[in-house]
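Please view the sequence and the model together.

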Amino acid sequence: MTRPLPAEHVAQDGFVVHTRGRGFSEITAQVGNAITASRVHTGIANIFTAHTSCSLLLGENADPAVREDLERWFARAVPDGDAIFRHDAEGPDDMSAHVRSILTGVSLTVPVHGGKLLLGTWQGIYLWEHRIDPHQRKVTVTVLGH
């Protein structure tokens, strides 16, 4: 553990993810680029998406079967067009996308050390699109540190 340092620097950057519809887009490199540009050596990065039908995930990045399994599990747990949902203004995947987003979250906080994300060996950062159709999703990265 290092000695406490004040958060002397705050930087904010963003980028757009063009999704192909439901599924995962790895954004680890884009977040890493924002951290490099921030020039923060030690601190934290907050990654946020201002949308209600996609989410952010920190997860396994080596085996795509993990993400496929997550997608299948959510399809069973929160099915499109479920009769329980009244909100379907944009189609049968509308409310299920909102539920999935709420359950998985729209922000992450990750440590920064040595000017880089402090991730585990098999961890990557993903934007998880919950809608069937493609969308453009904005991601904001705020970096605080020294």
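In what order do the three strands form an open sheet?

## The sheet

The order is S2-S7-S4, with antiparallel pairing. Strands (E, at least two residues) and helices (H or I, at least four) are DSSP runs numbered from the N terminus, and two strands pair if DSSP finds at least two bridges between them. Strand S2 (23-26) and strand S4 (54-60) are the edge strands, each pairing on one side only. On average, neighbouring strands of this sheet are turned by 35 degrees against each other, direction ignored; the axes are lines fitted to C-alpha atoms, with angles running from 0 to 180 degrees between N-to-C directions.

S4 and strand S7 (residues 123-129) run antiparallel and are joined by seven bridges. Gly59 stands opposite Gly124 in S7.

## Basis of the model

This is a predicted model, in which local features need pLDDT of at least 70 and side-chain atom pairs count only at pLDDT 80 or more, while totals for chains, interfaces and linings use all residues. Residues are numbered from 1 along each chain as its sequence is written, and side-chain values use heavy atoms, leaving out hydrogens and water.

## Helix H3

In helix H3 (residues 94-104), the buried residues are Asp94, Ser96, Ala97, His98, Val99, Arg100 and Ser101. Buried means under 20% relative accessible area (1.4 Å probe, protein chains only). These buried residues of H3 pack against S4 and helix H2 (64-77). Just after H3, Gly105 takes a positive phi of about 95 degrees.

## Thr49

Thr49 lies in strand S3 (residues 42-49) and is buried, with a relative accessible area of 0%. Among the residues that Thr49 touches are Cys54, Leu56, Val106 and Leu127, not counting residues up to four places away in sequence; contact means heavy atoms within 4.5 Å.

Methods: Buried < 20%, exposed > 50% of the residue type's maximum accessible area, 1.4 Å probe, protein only.
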